[in-house]
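Thanks for coming, everyone. I'll walk you through one structure today, so please have a look at it first.

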Amino acid sequence: MMLVIGAEVMEAIRRHAEGGYPEEICGGLLGSVAGDGSIEIVEAAPIDNIRDDERGRRYLIGANDVLRLEKRAEAAGSQVVGYYHSHPDAPAVPSEFDREHAWPWYTYLIVSVVDGAAREARGWRLADDRQRFLSIALVDDERAELKVEVEEE
């Protein structure tokens, strides 16, 4: 399986993560899934973190925001293929909280933000048994896109 993210989309996610620091930010990933299972992300849609507490280490996307995201994707001829969020002053690795609240099939992109600057970004997919995440390694592409391949971790 492969995940392709345009450089402009990735930069928009990084800017959103830096702008929300020191709190976690979140958003949706819009794109398409090909017959071979490869995913192309064409848009990152910022969503307000509606969490009332622990915003420095938790985020919450409201049901109405999910519905709006689905409608936005449908209007654009794409679909919601995943979500992104930041980890302020922490690695781009899913927490146990992330695992407990994730859904299989979706791609989760986590951006580490250290002292207000976006650093590492990593992709993850929750295994069907919901017991662990599968890592998605980002690989540079000569077309200024990021190609991503799923690896077992």
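Let me start with a term. Buried means under 20% relative accessible area, exposed means over 50%, and partly exposed is in between, with a 1.4 Å probe and protein chains only. Take S78 with that in hand. At 18% relative accessibility, S78 counts as buried. S78 sits in the loop between helix 2 (63-76) and strand 4. What does S78 touch, leaving aside its neighbours within four places in sequence? S78 is in contact with L30, G31 and A73. Contact here means heavy atoms within 4.5 Å.

A word on the source. This is a predicted model, where local features need pLDDT of at least 70, side-chain atom pairs count only at pLDDT 80 or more, and totals for chains, interfaces and linings use all residues. Residues are numbered from 1 along each chain as its sequence is written, and side-chain values use heavy atoms, with hydrogens and water left out.

Now the overall layout. The protein chain has 3 helices and 8 strands. Helices (H or I, at least four residues) and strands (E, at least two) are DSSP runs, numbered from the N terminus. Along the sequence the pattern reads β-α-β-β-α-β-α-β-β-β-β. The chain has 153 residues, and 45% of them are buried. Of the contacts with a separation of 6 or more, 57% come from residues 24 or more positions apart.

On to the strands. Two strands pair if DSSP finds at least two bridges between them. Strand 1 and strand 3 run parallel, joined by 3 bridges. I5 has I41 as its bridge partner in strand 3.

Next pair. Strand 5 and strand 6 are antiparallel, with 7 bridges. L109 has G123 as its bridge partner in strand 6. The hairpin of these two strands has 2 residues between the strands, and D115 there takes a positive phi near 50°. Strand 6 is mostly covered, with 7 of its 10 residues buried.

Now the inside. In soluble globular proteins, nonpolar side chains tend to be buried together. A nonpolar core, as used here, is a set of buried Ala, Val, Leu, Ile, Met, Phe, Trp, Tyr and Cys residues joined through side-chain atoms within 4.5 Å. The largest one has 19 residues. Those with the most contacts inside it are I5, I13, L29, I41, Y84, L109 and V111. Which elements give two or more residues to this core? They are strand 1 (2-6), helix 1 (7-20), strand 3 (39-47), strand 4 (79-88), strand 5 (107-114) and strand 6 (117-126). Helix 1 gives the most, with 4 residues. Another core lies apart from it, with 18 residues, including I47, Y83, W124 and L126.

Stay with helix 1 for a moment. A17 is found there. A17 is buried, at a relative accessible area of 0%. Beyond its neighbours within four places in sequence, A17 is in contact with I25, S86, V111 and V113. A17 and A117 are 100 residues apart along the chain, yet their C-alpha atoms are separated by 8.3 Å.

Last topic: pockets. On a 1 Å grid over the protein atoms alone, a pocket is an open set of points where a 1.4 Å probe fits, with protein on both sides within 12 Å along at least five of seven lines; lining residues have an atom within 4 Å of a point. Grid points are joined across faces, edges and corners, and a volume is the space filled by probe spheres set on the points.

The largest pocket holds about 320 Å³ of space. It is lined by 16 residues, and the closest to its centre are Y59, I61, H101, A102 and Y108. Helix 3 (96-101) is one of the elements that give two or more residues to this lining. Helix 3 supplies the largest share, 3 residues. By class, the lining has 12 nonpolar, 2 polar and 2 charged residues. Ala, Val, Leu, Ile, Met, Phe, Trp, Tyr, Cys and Pro count as nonpolar, Asp, Glu, Lys and Arg as charged, and the others, Gly among them, as polar.

The second largest pocket has about 170 Å³ of space. Of its 13 lining residues, E24, R57, H87, A90 and S95 are the closest to its centre. Its lining has 5 nonpolar, 3 polar and 5 charged residues.
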